Amino acid sequence: MEERQVKLTIDGVEVTARPGMTVLQAAQQAGIYIPTLCWHPALRPWGACRMCVVEVERQRGYPASCLLPVADGMVVRTNTDAVQEIRREIIEVLITEHPLGCLTCHKEDQCYTGEPCLRSPHVDFRCVTCPANYRCELQAVCDYVEISEVRFPFKYRGLPLGRDPLIATDFNLCIVCNRCVRVCDEVRGIAVWTMENRGATTIISTSNGQPMVDAGCIMCGACVDVCPVGALEERQNRHSGPGEQLVRTICNYCPVGCQFILEVRRGRLLRVGPDYDAPANRGQYCVRGRFGVSDFVHNPMRLQTPMVRKNGTLAPATWAEALAAAAEALKDTPPEQVAFFATSRLTNEELYALQKVAREGVGTPNLTWDLLDWTALEPLHTAFDKVGPTATIADIEKARTYLVVGADPWETVPVVGMKVVQYTRTPAITLPPASDYFNYLPGRALLPERERANLILINPRPTHLNRFADVWVKVRPGTDAWLIAGLIKVILEDGLADAEFINRETVGFHDFEAAVRNLDLDQVSRITGVGREELVRVAHLFAQDRPGLIMFGGGIVHQGRPAVAALVALALVTGNVGRPGAGILPLYGTANSQGALDAGAVAGLGPGQVHLDETPDLDSIKTCYIVGDSFDLEGPAGLQLRRILERCEAVIVQGAYASPLLDFATVVLPGVSFAEKEGTVTSLERRVQRVRAAVRPPGEARPDLTILAEIGRSLGVEVSVRPAEVFAELAEQVPGFAGLDYEELEFEGPIVNTLPETFAFPDLQLAEPEPAPDGLITVYPGRSFYRYDLTTFPEMLKTLTTVGRERVLEVGPELAARLGLADGGPVRVIGDGWDLVARVRISAELAGDVAFWDFEYVGPPAGNGRDRLPDPFARNPVAGPLKVRLEPVGG
Amino acid sequence: MSLETLVAEARSRWERKINPDRPRIIISAGSCGIFAGARKVKTAVIDALKRLHVDASVEKTGCVGLCWAEPMLDIQLPGRPRVAYGPLTPAEAAQLIEDVVGRGNPRVDKALYVYADAPYEGIPSREDTDWFKLQYRITQRNAGIIDPEDLDDYLANGGYEGLARALTMTPAEIVDAVKKSGLRGCGGAAFPTGLKWEFCLRARGTEKYVICNADEGNAGTWKDRLIMEGDPFQLIEGITIAAYANGASRGFIYIRDEYPLASSRVRTAIERLKARGLLGDNILGSGFSFELIVRDGAGSYLCGEEMGLISSIEGDRAMPRSRPPFPATNGLFYKPTVVNNVETLANVPQIIARGWEWYAGLGTERSKGVRTITVSGAVRRPGGFELPFGIPLKTIIYDLAQADPADLKAVQMGGPASNILPADFVATLPLGLDELRDAGTTIGSGGLVMIGQKTCIPNLVLQLMEFLRDESCGKCFPCQMGTRAYYNTLYRICRGEGRPEDLDFMLDIAPAVQFGSLCGHGQVAHVPVVDTITHFRHEYEVHIRERRCPQGVCELSPVATAV
């Protein structure tokens, strides 16, 4: 069906546009420049700056083109004298209070990009005091409208500068375009910024001028990205001028697959710029991606030279020596005593090369990645022939009901969390009875593009998303499988299952139904602590308001197969597979978890997720090859790896940072960070995207693929050093990748989700949860977006650690009373061989012998180096909650 | 209860009220009267009655529009007509009561008029006085006569005839009648009301709203207050008819926060109407339900702007949205919405009750109907007059308000951001919407401010601009920054620090402010500046070149005087 086209003339050029577009969009599409200040591609038009006014034939006045819908036969002129005069006069009165040194300096002709001089303008409006000099949209507009003279005395507002971390605010530069207010509210759903005062003194502020973090800011930097002037700027590198080189690449922090643009100047990463065309994230980031990159790449802890341990100490060596030592160690050890540990932050190519070296070069089945026990996800493989998503991030826009289980997308995959908020916050606008009206604030009456979606949260503790949820199911920790099975039983009993879908597209339903039939809902209630009515309500909501999208995270994975199997079955029973807006979206812990599975860098799963008959055995390891840095050795989970390493004769560490692993390393091969290498990564929606090198590796460090190729060569395995060739090899083996060309992944990486013709129901094997041993408390970790989960050396991310919330241990009132813990007081958490102190928060929502904490690092490491803890989902080798004892401190 | 029964009961009560068996003292208790001292007058009256040992009923009424005569009171003795007296100090009022009630002396010296067809004891009949003989009171017809908190008074005086008739018509017929009547918006823009209703009626959507804009913020305009304080029932009847005609089941009346009395009277009226089944569910058994919600203004001038008002009701900062889409299709909560001024809606009941032909016969061919004009400033008798279109402005200024021709310098027409024209020019114009537009001006919201010879024009504009600057909502650049630039420039001029090029600068940025601004506030913010530079340029030039203020109003800076 061909869409109707609208033809109009802009500046004498015939332009074709879609109906519903604005004149501004049509002009931009045709490459005609119309100046704008308050308009922004990510936001609804606001119509305040009036820079985009145009003249339209047979129309009175000068309408703002950002709000003017196109119409057939419209004749628009964008730069007549009258229009330019209006723009010029507005700018002229605008810059009476906007520092204008950069426009009026008589040395402007001799000025070149970003070279500050201290000579001419008065300090109030000097160009070098503005961080946006040469990156300023107002400058560009001034150039366009040809401001030649300023007839009006300049007044400096003298507003105090902001003192917030990460974001530097200087509202003396603000032009009140309201972009920051709108992006924070419309897009991010937070509304930290607001307009304060009226008339000429209108200014942007947080509510009551409180610090940004107190106003609810999550430091996503969206306001910095949209600010057209220098009022909101990233604190770091803000006076470094614009980047000389822009590199589009993929964020390596979490698996959303956010594309961003790295600004590089003289070999240094200055900052991260937004890419509003990015397919997964549309120009939105979280604090890690937005502010944590430059620090991460240019870090004093980066490894710069290969090292080999001689006489007990690591000494610098040449690459040839180091590679030879590594190859020798691998060759000299019996294959079954060699283990490979990889982080799933590596690219697909590196992971593929690694498994090739391990399997073909060494011949060992001991291949381990972050998520050691991938078999928890096997029900996905059973049903869909692969472990992976059956939906995409774009499906969030189409789904009617979200079921979020064992996950906090707001903190772990913030851009996905943001999207959920966008579609669940828009209030369906209904007024309460008149008598209540005065107590009622309806919030922003956004033009509802569609009705808001339902949100069902299944989580033992409240998260940020709770305020948007229709139902919060407070499940007893570790019993999600029972709960989901109970939902399925209700759906089957009440005839809400999609029988047609089940008959047509699934196999194994009868066996599955038989297993569910025996389930006793009272038993489910008893085990999960969720009442029967609530069970019925949630089941009805999810089954009736379709399409439904299931998102699950580490909270489910650590519970093992049954929970994942139950979720897969729930999707199949309700027919929520293979339809727009429906499906399952696993929220992994690290950037390329999906890629690691596809590339087969896991024991038991070969490239293309082919089942292999491999059983890893880590008991008699003599040689370890570790690729990556996100390995912890201190906490309870890390202790197991530490024990393995202590037994090893050779430990080859290939990483980018000087991590505690170096204490055990016999060979150190300096790799690179994601900003220094080429390749592809696969996001949680299975979108394959290109990672690009933006800066040169420090010192002698080499791209990881190059190192792996060298190792492979010495072991007799052919691995190309060129990512394109490795990708081609990988693409032959992964079904979805067939036909993908590395070079063609240029801007918008494709989603390679292919679904089988029929879906098999997984086995549902429910086991009664074991009671916790006496006296031990189960602690469940959460995650904070201020932290890279690389807790091994959080010193790396100095920028991010400037914003911190304290480590808080949440306990229920009953437990706190029993242990004598006071709200806000300290508590010592004692685990198996480790202990630390946290602050107690008593949460009325919690009951039983469970506790939660946000897994994050606070302050410098304590003397014993133990003040760090692992994050089970992203971490090895033991996943899941911890059993600890709690003791009050000083009591 | 049917309307007939209600009206019959109300009529009998009203008859008893206006034919009393004991003295009636009716105190004019609008905000204007109260500020002028009506409360003290009331106390004095009660004390005087006590001293006289007379059993009398002391009642209240709204303002009749004679601001200069406040505080006023009416006295009716049994078997005599009702006589209005004013202005009165408390002592004078006490004396008056003693004379009139105690001694039967009609006190012709203090009397204004009598509510009778013929003069009484030498006191002229109300309709023969200068102030009333030219008026045609529709929205104000009950103001100053009835008790604004007594529904029976309103019902006995033709109340709810309009709604009763409207409920027998289809919405389309009502819209058609309003269209044909020629009623135009009284808030300033003078958009044909029927047309606006038609857009809303045709707009898709089951949920629609009616909003009454009672955020009367223009300096020199108080007509809406007169209606809300004098006769709130008529306004609510009008809103109810508008709701019925537009298919709205919920409406808002957004009352300026500075009008606490108006707000309280409207709230009281809503309670009274609900109690009698004239508002709320199933009005008069017709099946039509309408809920009216009073919303207190958020205190900014821009809350009175149509779109700003909508934002404010939605709970947001009052910042106008861009048009189109217009409120008729995307208004409150993006639902079709009719936003009308108080006076516009207060005209509707009579238009429906008496028929559009009657209303269309008033006024002139081009401007139909009547309009309340409030006159203030350099006049002897400020007040509010409801006048049919076509009357010369000269008559209003010199005859009704009794301005001194020798003292009058200029006239500002309808609001702080409106034309400031020389008095001689204004005297040549008739009252009329299109007629004034032809002359390049407008009646705006109907407030005429007379500017006397002692006023320094640049200083006046400076003060207007301070208001306009502070009340700009801060959204669009031209308004926010243009008013700031105007203020700063005028400030310098009035300080004696003006520069010759300042006047050209102000004229230069006028088109940007006018055509660039998002809403009416900015679009007209330049008008006082441009008008006064056009008509009173010499006053600016004296400030700039000679560094002195001819009227001696501006405080010139010492640096400037030294030149």
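Two residues are taken to be in contact if their C-beta atoms, placed from the backbone, lie within 7 Å. On that basis, the contact between the two chains of this predicted model takes 34 residues from chain A and 36 residues from chain B. On the side of chain A that touches chain B, helix H2 (residues 81-94) of chain A gives the most, with 6 residues. Sorted by class, the residues of this side of chain A comprise 22 nonpolar, 6 polar and 6 charged. For the complex, the predictor gives an ipTM of 0.88 and a pTM of 0.87. Chain B has a mean pLDDT of 92, with 99% of its residues at 70 or more.

Strand S1 (residues 6-10) of chain A shows both senses of pairing. Towards S2(A), S1(A) runs antiparallel and is joined by 5 bridges, whereas towards strand S4 (residues 75-77) of chain A it runs parallel and is joined by 2 bridges. Ile10(A) takes part on both sides: Val13(A) in S2(A) stands opposite Ile10(A), and Val76(A) in S4(A) is the bridge partner of Ile10(A). S1(A) and S2(A) form a hairpin with 2 residues between them. In the turn of this hairpin, Asp11(A) has a positive phi of about 50 degrees.

Over 4 bridges, strand S4 (residues 82-85) of chain B pairs with S5(B) in the antiparallel sense, and Tyr85(B) has Ala111(B) in S5(B) as its bridge partner.

Two helix pairs, one from each chain, illustrate contrasting packing. In chain B, helix H20 (residues 457-471) and helix H21 (residues 477-494) pack at an angle of about 150 degrees, with their axes 9 Å apart. As angles over 145 degrees count as roughly antiparallel, H20(B) and H21(B) are therefore roughly antiparallel to each other. The crossing of H20(B) with H21(B) is left-handed. Residues of H20(B) in this contact include Val461(B), Leu462(B), Met465(B) and Leu468(B), and those of H21(B) include Tyr486(B), Tyr487(B), Leu490(B) and Ile493(B). By class, this contact has 11 nonpolar, 2 polar and 3 charged residues.

In chain A, the axes of helix H9 (residues 319-332) and helix H24 (residues 704-714) come within 9 Å and cross at roughly 55 degrees, which makes H9(A) oblique to H24(A). The crossing of H9(A) with H24(A) is right-handed. Leu323(A), Ala326(A) and Ala327(A) of H9(A) make the contact with Glu710(A), Ile711(A) and Ser714(A) of H24(A). These residues divide into 4 nonpolar, 1 polar and 1 charged.

Some details of the backbone also deserve a look. Most residues other than glycine have a negative phi, and most peptide bonds are trans. Met219(A) has a positive phi, near 55 degrees, and lies in the loop between strand S7 (203-206) and helix H6 (222-226) of chain A. Pro547(A) is placed in the loop between helix H19 (532-544) and strand S20 (548-552) of chain A. In chain B, the peptide bond from Gly86(B) to Pro87(B) is cis, with omega near -15 degrees. Pro87(B) lies in the loop between S4 and helix H4 (90-103) of chain B.

Note on methods
Residues numbered from 1 in each chain as written. Chains lettered and ligands numbered in written order. Predicted model: local features only at pLDDT ≥ 70, side-chain atom pairs only at ≥ 80, totals over all residues. Pairing = 2+ DSSP bridges. Nonpolar A, V, L, I, M, F, W, Y, C, P; charged D, E, K, R; others polar. pLDDT = per-residue confidence, 0-100. Axes fitted to C-alpha atoms, helices over the stretch in contact; angles between N-to-C directions. Parallel < 35°, antiparallel > 145°, perpendicular 65-115°, else oblique. Left-handed = near helix turned anticlockwise from the far one by under 90°.
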